[in-house]
Amino acid sequence: MSGDGGAPATAAEPRLPEAAHISTPEGRRLVAQIGDEADRHGRKLLEVRNLSTQFFTPDGVVHAVDEVDFDLDYGETLGLVGESGCGKSVTALSIARLVAEPPGRIVGGEVVFDGIDLLRLSSEEMRLLRGRRIGFVFQDPMSSLNPTMTVGRQISESAAAHLGLSRPAASTRAADLLSMVGIPRPADRLGDYPHQFSGGMRQRVMIAIALACDPMLLIADEPTTALDVTVQAQIMELLRSLSERLRTAVLLITHDLGIAAGMCQRVCVMYAGRIVERGLVDDIFGRPRMPYTRALLDSRPRLDVEPGGRLRTIEGFPPDLVDPRPACRFAPRCAHRRAVCDEAKPDLTPRPADGEGHAARCWGTEAGGWIP
Amino acid sequence: MDPVTHPAGAAGPLVEADGLMVHFPILGGILQRRRGSVRAVDGVSLSIQRGETVGLVGESGCGKSTLGRAMIKLREPTGGSARFDGRDLARLSARELRRLRRRMQIIFQDPYGSLDPRMSVGDIVAEPIQTHRLASGRAKHERVRELLRLVGLDPVFAARYPHEFSGGQRQRIGVARALAVEPEFIVCDEPISALDVSIQGQVLNLLIDLRRELGLTYLFIAHDLAVVRHVSDRVGVMYLGRLVEIGASRRVYALPAHPDTRALLSAVPVADPAVERRRRRVILAGDVPSPANPPPGCRFHTRCWLYERLGRPENCRTVEPELRPVGADQRAACHYAEAALTSDVGVVRPADAAPRDAH
């Protein structure tokens, strides 16, 4: 393989000192407690239970995230897939307690991260935890990087603040991180500002900042949507190799089914604020049990399928989430719709015949349903 | 649609670029003197037959959008020529050009930015009809309703404003406006890339249906290689202002002859986990160099995987390759196109046509 997709072997593996500099006793307890491998007792890294987030707007209450429920295992890459407005980004922001309040509010559920319910933490405790244990990579690195600060300072500040490193140690760590994300001549680039980097290189810098404290979870929200396909391939390769090497779990939010297919072990498909299907990546793509998933897969031309004829499209458009229908939200656009779809809300129920852990929210594919 | 307004098409291409160049000046210093130029399009020849759809792909900054605009004189070429129906656009009087404009239209990527928010949908679609004095009064009103129906919108929407519509509907409004003047040629510049996945297919189907119903000719510019293959008879690949490969879609996607085409294809994610696991990707190093200062010799050599594999042959650094025939209806600008053709880099085969993972 050519190129700088992989990180150089010389890069230092991030090794963290104890969290000595954390200021509050609660915070110290929190950071010490979280991440203890001996104390996992078979639980998952992230257990999201019935999470609901709403936005209170002049037009009404927007049910952006509606009883979302999933697990993410230590070191696993999970895809949250769906179209804009389906609630995938708000789900990620809710997990990190970054929903702007008002107008938003998490109205119910639990977000259990390494055994601790994040929704019960104070905002100060949450702030500590975010920098230390959860890293973020967003679509547009320019809007998350500080344009007036060198990238070296942006990386080392994070490392210094959360890890209690001295300035020289933090600076060394910043260079190591830049090298790890494949930026050539890292020591020379520490003094550069974000605008001196190309789009792809900026996204690498964002990844370096996100990984500065060796987080257990990396939330990547459409990390390559603004990039060219060739640069996208570089960044995806980088995320894949880093998450494997550092054993960082990744919550990957994307509208691109191809990216989810190549990156994730498991996938949750969201539609209109709800998870409508979830399972292992091969089962979701090979045996989708929710007509929306099937239709999404069919609605785009693919390089691995000979072109010809019309695309099978999904008519209409996603529903307004102010006062959404209680029944199946996809039914108005569904080719398999029957009366029950408009009358009652389908639950996310197991489809054991179609893969371990496979679940779908569809009356038609329930046992005895009418969709083959 | 009434074909009477269109002069009977003679033989020969409908649209033709010949050595077309668009260079933008780089100004600098307090006197804003010209310091150099960005060679956005740097000598491209391309002809499009009547009824044909030519796709144009390439990374951002490769010049594909600028080329599309220059071909209909929305950008002033700085060299070479653009012809429409045999007439050199640079030699037309303002009046002649205005008359010809009716026959060539453009659909933009951004359905939000390209519609005036203060105009009703009816007025937006009617504007070009008025400008070209194609109809007035009741007939104009009827024509707007007909156009909205043609693109799959309810004619009652004519009284509404753009903000009341979703992205896909706004793109339909943009299409209706482009069709209002009964064009023969439409430059589709990333027409679906701002839309949601479920909506992209709807607009793509619409464009394909309209092409058949109205006998349209398209230049279809997009970064999505799968979408371009779906709509195009022929496809061109651009890199740093140059056309590096062009040929029949079937041929180019099955047997790409330029290393850049293969690299682009290799980078496209495929929505099948089994295919993704099996694929061997070439990942291009770094970013596209600046079009103000393209590398000498072959512009692609600084990122080329084949150049590395062949042990960095000297002529790649010193001699700019010509676009030359490399197969039936296929040309590529690579000294080593024959080696690229026999490589298996980048070509995606269907999962069921290939052996399952052996290990």
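A residue counts as buried under 20% relative accessible area, as exposed over 50%, and as partly exposed in between. This cut-off is used below to describe residues in a predicted model, which holds 50 salt bridges over all chains.

Helix 5 of chain A, residues 151–163, contains both Arg153(A) and Glu157(A). The two residues are four positions apart, about one turn of the helix. Their side chains meet in a salt bridge, with 3.2 Å from N to O. Arg153(A) has 46% relative accessibility, so Arg153(A) is partly exposed. Glu157(A), at 38% relative accessibility, also counts as partly exposed.

Another salt bridge in chain A joins Glu222(A) to Lys88(A), and here the closest N and O atoms are 3.8 Å apart. Where in the chain do Glu222(A) and Lys88(A) lie? Lys88(A) belongs to helix 2 (residues 88–95), while Glu222(A) sits in the loop between strand 7 (217–221) and helix 9 (229–246), so the pair ties together parts that are 134 residues apart in sequence. Both Glu222(A) and Lys88(A) are buried.

Chain B has salt bridges as well, including one between Glu276(B) and Arg279(B). The closest N and O atoms of this pair are 3.0 Å apart. Are these two residues buried or exposed? Glu276(B) has a relative accessible area of 10% and is therefore buried. Arg279(B), with 16%, is buried too.

Salt bridges can also link several residues, as in a network of chain B. Which residues does this network hold? Its members are Arg39(B), Asp42(B), Arg242(B), Arg299(B) and Glu320(B).

Key
Residues are numbered from 1 along each chain as its sequence is written. Chains are lettered from A and ligands numbered from 1 in the order in which they are written. This is a predicted model: local features need pLDDT of at least 70, side-chain atom pairs count only at pLDDT 80 or more; totals for chains, interfaces and linings use all residues. Side-chain values use heavy atoms; hydrogens and water are left out. A salt bridge is a side-chain nitrogen of Lys or Arg within 4 Å of a carboxyl oxygen of Asp or Glu. Buried means under 20% relative accessible area, exposed over 50%, partly exposed in between (1.4 Å probe, protein chains only).
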